[in-house]
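Please report on the model shown below.

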Amino acid sequence: MTVYAYTESPVGDMLLVGSEGAGPPGRTALVSLSLPGQKGGAVVQEGWRHAPRAFDGITEQLRAYFDSTLTRFDVEYADAGTDFQRRVWRALEDIPYGTTVSYGEIAALVGSSGAGVRAVGTAIGRNPLLVVRPCHRVIGADGALRGYAAGLDRKRLLLGLEGTGAGSGAGGAVVSGTAEVGALTS
């Protein structure tokens, strides 16, 4: 059964959608975490059950993240997407808190450099787990903020929360905290 809940955050009321029975017994697997106005974000459907308690663990982690006391999420989520998207999303999960990488670095990491950067950008844009799977940590090769399904203002806020210096320079360029690609594979 599909369940949902809302939780407040500094970036807006987040919609959590989960699947009961898709995770370990007694746990709900997270299917989507989206924000109001997000491109491709989830919308509550008829037949879904409002179940805030099903998301107690993730909402506690989100509060800790926004309080700057949690740097890595430990969330049971439903395995979705194509093989390529899952490879890209796993790479996102390995980007350390407070750092950024470029789309090209993610493309190289998943074996899709060159023209594959565009495909990586598309896969990142389809990430159903905003914040938890930190696609906000991916920036342009020139250090400028590039696309974010929930808007660049929210991307800037999340990066600022993590102390990356996002939005500090002209054009909202990230001025510090770039991760080495090799650090993502360890």
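## Confidence

Over residues 167-186 the pLDDT stays under 50, and there the model has 45 contacts beyond four places in sequence. Here pLDDT is the predictor's confidence in each residue, from 0 to 100, and contact means heavy atoms within 4.5 Å. Across the protein the mean pLDDT is 87, with 85% of residues at 70 or more.

This is a predicted model: local features need pLDDT of at least 70, side-chain atom pairs count only at pLDDT 80 or more, and totals for chains, interfaces and linings use all residues. Residues are numbered from 1 along each chain as its sequence is written, and side-chain values use heavy atoms, leaving out hydrogens and water.

## Salt bridges

The structure has nine salt bridges. The criterion is a side-chain nitrogen of Lys or Arg within 4 Å of a carboxyl oxygen of Asp or Glu. One of them joins Arg86 and Asp79 at 3.7 Å, N to O. Arg86 is partly exposed at 23% relative accessibility; Asp79 is exposed at 62%. The classes are buried under 20% relative accessible area, exposed over 50%, and partly exposed in between (1.4 Å probe, protein chains only).

Asp83 pairs with Arg87, closest N and O atoms 3.3 Å apart. They are four residues apart in helix 2 (residues 83-93), so about one helical turn separates them. Helices (H or I, at least four residues) and strands (E, at least two) are DSSP runs, numbered from the N terminus.

Glu93 and Arg133 form a salt bridge at 3.1 Å, N to O. Glu93 lies in helix 2 and Arg133 in the loop between helix 4 (116-125) and strand 6 (138-139), so the pair ties together parts 40 residues apart in sequence. Both Glu93 and Arg133 are buried.

## Aromatic pairs

There are five aromatic pairs. Rings of Phe, Tyr and Trp (its six-membered ring) pair if their centres lie within 6.5 Å; planes under 30 degrees apart are stacked, over 60 edge-to-face, the rest tilted. Tyr4 and Tyr6 are edge-to-face, because their planes meet at 85°, with centres 6.1 Å apart. Tyr65 and Phe73 have centres 5.5 Å apart and planes at 40°, so that pair is tilted. Both Tyr65 and Phe73 are buried. Ring pairs link Tyr65, Phe66, Phe73 and Tyr97 into a cluster.

## The Ser34 site

Ser34 sits in strand 3 (residues 28-34). Ser34 is buried, at 3% relative accessible area. Leu15 is 19 residues away in sequence, yet 5.3 Å away C-alpha to C-alpha. Beyond four places in sequence, Ser34 touches Asp13, Met14, Leu15, Gly41 and Ala42.
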